[in-house]
Every structure is written in structure tokens, then in C-alpha cells.
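Work through the exercises below with the sequence and the model in view. Try each task before reading its solution.

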Amino acid sequence: MTIIMKENYFFAVSEKYENVIKNSIAKLISYGVPISKSIYFGENKGCSYYGRTHFRPTTKKCLGYEYYVTVNKFLTKDEDIYNTVVHELLHTVKGGMSHRGAWRKWADVVNKIGEFKIRVYGKASLEKGAYKNKKAFLLKDFDPLTMDIVYCPKCGNRFCLKKGLKKTLFGKSAYLCSKCRVHLQYE
């Protein structure tokens, strides 16, 4: 007995992104990639990541969907948009939430076909609007009147944060080191 799962996709994205996502889904299915059939798609507007995938989202708008996938609305090149969408869709494969195991296996399959360039980390160009709300800066941009210096206790990397940003209970920054994923400490 074959069970056919009805697709349950919701698109809270621009028409351009909806078309890219639909094309990417069709291509991945044609390659035999077993992506989820229950995904809520949205846009994000950060400057530090291009896409995100959440398993069993808890926000009200996404309840009832197995995954919540967002793609950065400031990506400028179509190639970057496609690669980001496919990268995030591969996270919806069973066992594919990390960049190992199932995700790696299917990324290798997709890369061998040659249409996409799926990587764990990428370099994409973003529109200037992506940096409007930026909160972390390089040390060379330090302004003692408007910024504090923070460092990663694990790797020692140092950054500048805008003054007045949220702190944790113990006075650490609520922001994480992009490399080590630990809370930054104020100097």
C-alpha cells in the first residue's frame, strides 16, 4: 500500500522568492532528494546569515508545519538565492538538520549534478539595506562613544557592539561568537 503525502507548503515571501523556491523544490524532487512536504517559507533580513531552517517551529504562524525555512531578502544574485534555498531545503531531509550525515550526503548528490553549488558556508553579496540594523562591527570601526568592545572567551576574537545592547544575567553579551557559538564577554 502506497501512502501519498499531500504537500503542505506556505509562502510568506515575495513572488520572486516563491518562484525560486517552487523551482528548487521541483528540481530536488526530480533528483530524488526526500525533502519535507510540510514547510512554511518566510524571509529574514539579517546581515550575518543567508538562510535558516527550524524544525518543528513554535511561532504561532508556523504551527502545523514540520519546518520553518527563511531566506535573506537582501540577497542580490539569483545564483545565491537558488543556492541558499537548496541549502535550506536539504536541512528538511530526515536527519539533515546538521551539516553532516544526511545533509552532507544529499549536498554531495546535488553538487555532482552540477546545477547548484551547495556549501556549508558561503560568500554572497547583500543589498546595503541588510546592514541597516547591524549591531556588531570589526575593531577597526571602534567608536568609544557609541560602542563597547567584546571578546570570545573561547577563541579570543574581539568585536565591537553598539552600546546599550541586551546583556545576559551574568553581564555577558546576549550575542554569540560566530565561530564558537558562545556568549561574548564585555571587556
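Rings of Phe, Tyr and Trp count as a pair if their centres lie within 6.5 Å; planes under 30 degrees apart make the pair stacked, planes over 60 degrees apart make it edge-to-face, and the rest are tilted. The model used here is predicted.

**Exercise 1. Aromatic pairs**

Task: Find how many aromatic pairs there are, and classify the pair of Tyr40 and Tyr65.

Solution. 
- Step 1. Applying the distance rule gives seven aromatic pairs.
- Step 2. Locate the two residues: Tyr40 belongs to strand S2 (residues 38-44), while Tyr65 sits in the loop between strand S3 (51-55) and strand S4 (67-72). They are 25 residues apart, and the pair links distant parts of the chain.
- Step 3. Both Tyr40 and Tyr65 are buried.
- Step 4. Tyr40 and Tyr65 also belong to one aromatic cluster, together with Phe10 and Tyr68.

**Exercise 2. A second pair**

Solution. 
- Step 1. Buried means under 20% relative accessible area, and exposed means over 50%.

**Exercise 3. Helix H2**

Task: Compare the span of helix H2 with the expected span, then decide how far H2 is enclosed.

Solution. 
- Step 1. H2 covers residues 78-90, which is 13 residues.
- Step 2. From first C-alpha to last, H2 reaches 18 Å, close to the 18 Å expected at 1.5 Å a residue.
- Step 3. Of the 13 residues of H2, 11 are buried, so H2 is largely enclosed by the rest of the structure. Among them are Asp80, Tyr82, Glu88 and Leu90.
- Step 4. The cover over the buried residues of H2 includes helix H1 (15-30), S2, S3, S4 and helix H3 (101-113).

**Exercise 4. Thr53**

Task: Describe the surroundings of Thr53.

Solution. 
- Step 1. Thr53 is part of strand S3.
- Step 2. Its relative accessible area is 12%, and Thr53 is therefore buried.
- Step 3. The side chains of Thr53 and Glu88 are joined by a polar contact of 2.6 Å.
- Step 4. Leaving aside residues up to four places away in sequence, Thr53 touches Tyr67, Tyr68, Val69, Glu88, His91, Thr92 and Met97.

**Exercise 5. Arg56**

Solution. 
- Step 1. Most residues other than glycine have a negative phi.
- Step 2. Phi of Arg56 is near 45°, a positive value.
- Step 3. Arg56 lies in the loop between S3 and S4. It is exposed, with a relative accessible area of 56%.

**Exercise 6. The whole chain**

Task: Summarise the protein chain by its helices, strands and buried share.

Solution. 
- Step 1. The protein chain has three helices and eight strands, in the order β-α-β-β-β-α-α-β-β-β-β.
- Step 2. Of its 187 residues, 37% count as buried.

Conventions:
Residues numbered from 1 in each chain as written. Predicted model: local features only at pLDDT ≥ 70, side-chain atom pairs only at ≥ 80, totals over all residues. Heavy atoms only, no water. Phe/Tyr/Trp six-rings, centres within 6.5 Å; stacked < 30°, edge-to-face > 60°. Helix = DSSP H or I, 4+ residues; strand = E, 2+ residues; numbered from the N terminus. Buried < 20%, exposed > 50% of the residue type's maximum accessible area, 1.4 Å probe, protein only. Expected span 1.5 Å × (residues − 1). Contact = heavy atoms within 4.5 Å. Polar contact = N/O pair within 3.5 Å; in protein donor to acceptor, adjacent residues only side chain to side chain.
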